[in-house]
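Dear colleague,

I am handing over the structure we spoke about, and my notes on it follow below. Please read them with the model open beside you.

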Amino acid sequence: MRRQEPPVTAVQQEARRRRWRRLPLTLLVLAVVAAGLLALAIGVPTVWRYSGESVRHYADPETHFRHGSIGSEVSGLPVRLWRVLPSLFPEVFDDRHYEVFGFLYAPGDEASRGDLPIGVGTREMRGVDVAWFNCALCHVGTVRESPDAPPRQISGMPSNNLDLYAFIGFLLEIADDPRLAPDSVLAAMDEQGQSLGWIERRVWRYAVLPRVREGLLETRAMLAPLLAEQPPWGPGRVDTFNPYKLLQFGMSAAALDEAERIGTSDFPAVFLQRPRQGMDLHWDGNNASLQERNLSAAIGAGVTEESVDHRGIERVADWLLDLEPPPSPYRPDPEGVAAGKPLYMRHCADCHGYQEGERYVFEGERLGQVVPNEQLGVDPARLDSYTETLQRYQLTLFEDDERYRFRHFRKTDGYANLPLDGLWLRAPYLHNGAVPTLYDLLLPPAERPQAFVRGLDVLDEEKGGFVAPDCTPGEPLEEGFCFDTSQPGNGRQGHAYGTELTAQERSDLLDYLLTF
């Protein structure tokens with residue numbers, strides 16, 4: 001028997017009509033709530049990911065020195081871009097990746113696998129891993145005792161490999177290259193297997209890559225006019241203060257006096273910093289504070305007042321206080337060493353300290369003091385590049401922070417007498433690297449090589465320094481860079497100490513110097 005539906009009353013019919021009328025509004029409310037929940041589910045993690053920053057910690061101090069962050073990444077490139085540049089510009093990188101510019105890789109690391117070179121630190125900034133320079137970029141080099149020997153990496157020695165001028169020039173040149181457009185870069189990332197999610201891909205397309213390009217174009221507008229006036233630096237050298245003037249303080253290359261526009265000099269060694277406290281630091285001795293010297297160098301590497309990682313810089317500085325250079329591998333004639341030491345003590349020790357067996361003695365009446373260049377007579381370009389105007393600008397840095405603000409920079413009239421610990425690792429010699437070997441340094445300036453190959457790392461067993469054959473400027477080389485001492489800032493003149501000794505005395509003095 002069929003069940004009878006209860007009769008629908010007028011009240012029930014009205015309630016049903018009201019429910020139907022409210023249904024669109026209810027569905028709209030539900031849709032808004034669902035959309036809000038979806039936006040929260042996507043937006044909160046996205047905002048969380050693309051805000052703030054984090055940095056990797058290295059327990060080992062030398063690993064931190066080589067790979068840790070000092071806060072320069074704000075001036076750098078995204079890690080993903082570092083990894084695809086070699087495939088985007090194969091005519092520049094060939095199969096050597098960043099080694100083509102003289103970058104070094106830690107043992108076990110491989111450029112082809114995406115590992116970054118020594119001297120490049122990383123930091124996650126607003127969800128993007130960014131990489132740029134740290135202290136090790138300029139202060140890790142290689143040595144080989146014979147052409148067939150594997151290169152030995154030494155932390156604290158000057159980088160004798162890195163051609164920073166060529167690398168910076170490459171970045172400025174590609175700033176407007178079509179291959180740096182988002183479509184090209186993202187396709188290269190895909191080909192490498194660098195997977196990007198839907199949201200991340202759009203962040204890169206519309207924010208990250210355009211920002212990179214804008215930054216490169218802005219840097220090119222500031223730096224390119226200066227670099228075009230300078231002779232190429234070559235490996236192991238940098239103009240420290242002129243790019244600093246333009247990038248940090250907004251000066252223009254055109255506004256610089258002609259005498260100050262070339263300040264290229266060698267990367268220095270950074271061994272045993274503790275005994276150097278209170279000495280006149282930098283090549284021209286323009287600051288006697290280790291802390292300010294370190295912070296200034298970090299700014300030169302790309303750190304800003306806002307991005308600086310004081311803890312990271314100070315950790316490196318603490319480690320360098322007692323970092324000793326490895327002992328000299330040379331085994332000169334003992335009789336020559338015995339005869340050469342008194343000559344050195346008479347002619348050189350007051351300015352540079354001396355070697356006692358395997359220990360360097362940081363004692364000398366004029367050690368760490370500036371010698372006027374009127375007396376020294378070396379190339380003046382590096383001295384002239386540091387100006388009183390730059391000094392005034394520097395004294396405004398960190399002016400609201402009593403701990404870090406600069407107080408000690410000064411304009412000098414010469415170059416500082418430096419300790420010579422680890423001398424065997426410091427070739428070429430003089431502040432601008434214009435003399436290839438210790439043997440050549442003891443010759444009268446006119447007899448020193450006029451053009452020689454630098455950028456090699458095989459030790460010269462007889463002359464002290466690295467093998468540096470003569471070369472002809474403008475002619476191609478299979479390896480290295482032809483350094484022309486006739487170019488502005490590259491002069492080989494001056495520092496004539498020891499050049500008036502007899503041939504035998506110079507030979508004995510060289511034997512002693514080879515023990516440093």
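**Aromatic pairs**

At 7% relative accessibility, Phe101 counts as buried, where buried means under 20% relative accessible area, exposed means over 50%, and partly exposed lies in between, with a 1.4 Å probe and protein chains only. Before going further, please note that this is a predicted model, in which local features need pLDDT of at least 70 and side-chain atom pairs count only at pLDDT 80 or more, while totals for chains, interfaces and linings use all residues. Residues are numbered from 1 along each chain as its sequence is written, and side-chain values use heavy atoms, with hydrogens and water left out.

The structure holds 31 aromatic pairs, a pair being two rings of Phe, Tyr or Trp (for Trp, the six-membered ring) whose centres lie within 6.5 Å, with planes under 30 degrees apart counted as stacked, over 60 as edge-to-face and the rest as tilted. One of them joins Phe101 and Phe170, whose ring centres are 5.7 Å apart and whose planes stand at 35°, so this pair is tilted. The pair links distant parts of the chain, since Phe101 is in the loop between α4 (90-93) and β3 (120-125) and Phe170 is in helix α5 (residues 164-173), 69 residues apart. The helices (H or I, at least four residues) and strands (E, at least two) are DSSP runs, numbered from the N terminus. Phe170 is buried as well, with a relative accessible area of 5%.

Tyr386 and Phe409 form another aromatic pair, which is stacked, at 6.1 Å centre to centre and with 25° between the planes. This pair also links distant parts of the chain, with Tyr386 in the loop between α14 (381-385) and α15 (388-394) and Phe409 in the loop between α15 and β12 (414-416), 23 residues apart. Tyr386 counts as buried at 0% relative accessibility, and Phe409 is buried with a relative accessible area of 3%.

Ring pairs also build a cluster, which takes in Trp82, Phe89, Phe93, Tyr98, Phe101, Phe103, Trp132, Phe133, Phe167 and Phe170.

**Salt bridges**

There are 25 salt bridges in the structure, each defined as a side-chain nitrogen of Lys or Arg within 4 Å of a carboxyl oxygen of Asp or Glu. In one of them the side chains of Glu91 and Arg179 meet at 3.1 Å, N to O. Glu91 lies in helix α4 and Arg179 in the loop between α5 and α6 (182-192), so this pair ties together parts that are 88 residues apart in sequence. Glu91 is exposed, with a relative accessible area of 51%, whereas Arg179 is partly exposed at 29%. Arg179 also meets the side chain of Asp177 in a salt bridge of 3.1 Å, N to O, and Asp177 is buried, with a relative accessible area of 17%.

A further salt bridge joins Asp309 and Arg123, the closest N and O atoms being 2.7 Å apart. Because Asp309 lies in the loop between α9 and α10 and Arg123 in strand β3, the pair ties together parts that are 186 residues apart in sequence. Asp309 is buried, with a relative accessible area of 16%, and Arg123 is buried at 8%. These two residues and Glu73 are linked in a network of salt bridges.

**Surface charge and chain contacts**

Glu305, Glu306, Glu399, Asp400 and Asp401 form a negative surface patch. Patches are made of residues with over 30% relative accessible area and no salt bridge, like charges being joined within 9 Å and nonpolar side chains (Val, Leu, Ile, Met, Phe, Trp, Tyr) within 5 Å. Glu305 is placed in the loop between α9 (290-300) and α10 (310-320), and this residue is partly exposed, with a relative accessible area of 33%.

Phe483 is found in strand β14 (residues 481-484) and is buried, with a relative accessible area of 0%. The C-alpha atoms of Phe483 and Val453 are separated by 6.0 Å, although the two residues are 30 residues apart along the chain. Glu447, in the loop between α16 (438-441) and β13 (451-454), is exposed, with a relative accessible area of 52%.

How values were computed: Accessible areas come from the Shrake-Rupley method with a 1.4 Å probe; for residues, only the protein chains shown count as cover. Lys and Arg count as positive and Asp and Glu as negative; His and the chain ends are not counted. The place of a charge is taken as NZ of Lys, CZ of Arg, CG of Asp or CD of Glu.
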